[in-house]
Amino acid sequence: TYPWITGNHVSFDLFAADFRRFDPLYDFNENSREFTPWLGKWIGERGRVAATVSFFQMNSDRDGITLSPDRQDNFLRMGVRVGYDSRNAWRSPRHGWQNEFLVMAYDGRPFDDPGEWWLAELDLRHFRAIGAKNSCLFGSLISLQTGDVGVDFPGYLQYRMGGANSIRGYDIEVLGKTLYGRNQWIVTSELQRMLSPVKEYRLGPWSFAAALKAAVFVDWGIAWNASDEFGIRRSRAGFGVGLRWIVPAVYELRT
């Protein structure tokens with residue numbers, strides 16, 4: 001992503017993938033393909049807007065996984081996202097907001113395949129400094145999707161709780177088998193302490209900037225389909241400690 005391609009801060013981001021793996025949650029061999037370009041633009045200094053026309057395909061080695069009886073689903077996706085970014089730094093922010101609202105439509109009809117639904121997603125993140133070395137991160141992610149699972153919406157795109165990107169402290173292959181749905185809400189808070197500040201390191205003719213943080217975190221989340229599945233008793237919370245490696249290109253590695 002290069003927000004400085006032009007003087008108007010035009011950005012272009014591309015995600016292209018071909019996944020071939022065994023899915024233990026749905027018990028099938030997956031071969032999926034995705035091609036998602038995003039063309040964006042700054043709105044003033046802190047606003048962001050971007051749009052995409054995307055393609056997604058799922059192939060299964062057995063019946064009952066895809067909406068289409070031929071074991072292959074094809075979807076055209078069209079989406080828009082708007083955001084507000086007031087972080088003081090991209091790599092290791094200590095204060096500010098990073099918010100984004102996304103709306104995306106999925107449609108199999110252009111390929112004569114079943115499936116049609118909408119996704120709306122609100123992602124809020126707030127960074128706050130506490131002294132010279134400590135900072136807090138507060139985040140909330142809500143994803144809502146329309147349609148009936150297995151009819152308008154494929155089951156393999158349901159959210160499964162657990163793992164590094166939802167409720168940490170749980171194995172997704174364990175919790176994900178009981179806590180899942182087409183909708184999700186995840187809340188996280190994290191206290192970070194800088195162990196080594198961002199500085200330049202040299203290896204012969206090459207140089208790069210890196211840093212190291214320690215973190216204590218608490219996550220809470222829930223996934224659901226029907227409204228009666230949304231409740232405190234169904235939700236789960238996890239907590240733990242870890243390290244945050246600030247490195248080039250990928251920004252942060254978590255352990």
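Me: Where is Arg87 found?
Reply: This is a predicted model, where local features need pLDDT of at least 70, side-chain atom pairs count only at pLDDT 80 or more, and totals for chains, interfaces and linings use all residues. Residues are numbered from 1 along each chain as its sequence is written, and side-chain values use heavy atoms, without hydrogens and water. Strands are DSSP runs of E, at least two residues, numbered from the N terminus. Arg87 sits in the loop between E4 and E5.

Me: Is Arg87 buried or exposed?
Reply: Buried means under 20% relative accessible area, exposed over 50%, partly exposed in between (1.4 Å probe, protein chains only). The relative accessible area of Arg87 is 18%. So Arg87 is buried.

Me: Which residue has a side chain joined to that of Arg87 by a polar contact?
Reply: A polar contact is a pair of N or O atoms within 3.5 Å; within protein, one must be able to donate a hydrogen and the other to accept it, and residues adjacent in sequence count only if both atoms are side-chain atoms. Here the distance is 2.7 Å. The partner of Arg87 is Asp85.

Me: How many bridges join E6 to strand E7?
Reply: Two strands pair if DSSP finds at least two bridges between them. E7 covers residues 134-145 and runs antiparallel to E6. Phe127 has Leu137 in E7 as its bridge partner. The number of bridges joining E6 to E7 is twelve.

Me: Which residue in E10 stands opposite Ser135?
Reply: E7 and strand E10 (residues 183-203) pair antiparallel over ten bridges. Opposite Ser135 stands Gln192.

Notes. Helix = DSSP H or I, 4+ residues; strand = E, 2+ residues; numbered from the N terminus.
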